[in-house]
Amino acid sequence: MAKGVRFGRITARPNGTVDTSEVDGVDDDFIIKPIQAKGHIVSLREFAVKAMNSHFGMQATERFGSDADGDGVVDELTPGDITALMIFMATMPPPGRVMPSNPDAIAAVEKGEELFSGIGCAVCHILELPLANPVFTEPGPFNPAGKLQISDVSRLFSVDLTTEGPQPRLRRQTDGTVMVPAFTYLKRHDMGELLDNETVVQEGIPPEQWMTRKLWNFASEPPYLHHGRATLISEAILAHGVEAQTARDAFSTLPKADQDAVVEFLKTLQVLPENSTALTVTAGEVEKDAGTGTVVLGAAIAVFLLAAAAGAVMLGTRRR
Ligand code: HEC
């Protein structure tokens, strides 16, 4: 049990063997690996070192040595380069809520939010989870072998995710923890045949099992589901099976207006527009504010130019 979420149990037998058959939704080592659709990557560093190699053909020295691809370019990515990349990724602005401005649409969002919990979606897509320590450090304590370790450095690089990086940020509660509204409890589930499309087993995880997807920002990233086969939010919901069957059926038997309300609520979970000052904003308003800012700046420049022109005239006058 961690943060109220149950991951099953391991039974140790007197003869020294262990029974892991009741471990649920996580690897037998009980280490939650939150990254990737399968939930098999433990840290941002592990992800970046792998992705840099497989997608960009650039090898991190800490994993591959100085010139593993023999192209004559040594140290393509130093530990410092990878750490800089980590800090960039870790401090990206958190997603938020973009609310509609129309009162009927707001009412639908509120209704949909209630239904989301009421029909059982929030069992897996838990509304928020506490983060005990919002200070992100690199190298982190969970980097697997072959990635920079704490013992490799004399000093950790650390950033406080509640204060550093672009605003707005998540806030600390009075007890120091931060509630993260990512809408996932980070467990894997058998999702049934519509999501069982892979022929190659990844990291020993059965092909029908997927990490409960985070929903913060998901509406900004269509198409949906790990294979992107759902172009509509409702399709993504209706593709849920087996362990999510009860919640899916509860959704599909709601009156149409209530189904629409759930979708309206989900549509608010977005990447915030640039220049947002709060984690919940109203659609159109940030852009309008930014527009006003431009007008104000334009006016200031115009006044400045006028003043400069007047100054030039005065100078000219004085010289005469
Ligand atoms: C048993 C756990 C579980 C329940 C209950 C559940 N989900 Fe999911 N949900 C998942 C998993 C796992 C995925 C990821 C599937 C994949 O990767 O293809 C997912 C994916 C999604 C997605 C797609 C997100 C994206 O980024 O593509 C949406 C939307 C979603 N769920 C909404 C809902 C709604 C609404 C309900 C309630 C009707 C619900 N879920 C109930 C486990 C669950």
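The legends below describe close-up views of a predicted model of a protein with a ligand.

**View 1. The shell of residues around the ligand.** In this predicted model, the ligand is surrounded by 30 residues, and the closest of these are C121, C124, F218, Y224 and H226. The elements that contribute two or more residues to this shell are the helices α5 (121-124), α6 (233-238), α7 (245-252) and α8 (256-267). Sorted by class, the shell around the ligand is made up of 21 nonpolar, 6 polar and 3 charged residues.

View 2. Most peptide bonds are trans. The bond that joins E138 and P139, however, is cis, with an omega of about -10°, and P139 is found in the loop between β5 (135-138) and β6 (157-160). A cis peptide bond also runs from Q167 to P168, where omega is near -10°, and P168 belongs to the loop between β6 and β7 (178-180).

**View 3. L225, a residue with a positive phi.** Most residues other than glycine have a negative phi. L225 is not a glycine, yet its phi is positive, at about 75°; this residue sits in the loop between β9 (209-211) and α6. L225 counts as buried because 20 other C-beta atoms lie within 10 Å, and a count of 20 or more is what that class requires.

**View 4. V242 and H240 in the loop between α6 and α7.** V242 is placed in the loop between α6 and α7, and H240 lies in the loop between α6 and α7 as well. The phi of V242 is near 40°, which is a positive value in a residue other than glycine. V242 has 17 other C-beta atoms within 10 Å and is therefore partly exposed, whereas H240, with 23 C-beta neighbours inside 10 Å, counts as buried. Once its neighbours within four places in sequence are left aside, H240 is in contact with M191, A247 and R248. Although H240 and G192 are 48 residues apart in sequence, their C-alpha atoms are 7.0 Å apart in space.

View 5. For the protein the mean pLDDT is 90, and 89% of its residues reach 70 or more.

Definitions and conventions: Residues numbered from 1 in each chain as written. Predicted model: local features only at pLDDT ≥ 70, side-chain atom pairs only at ≥ 80, totals over all residues. Near = placed C-beta within 6 Å. Helix = DSSP H or I, 4+ residues; strand = E, 2+ residues; numbered from the N terminus. Nonpolar A, V, L, I, M, F, W, Y, C, P; charged D, E, K, R; others polar. pLDDT = per-residue confidence, 0-100. Buried ≥ 20, exposed ≤ 12 C-beta atoms within 10 Å, placed from the backbone. Contact = placed C-beta atoms within 7 Å.
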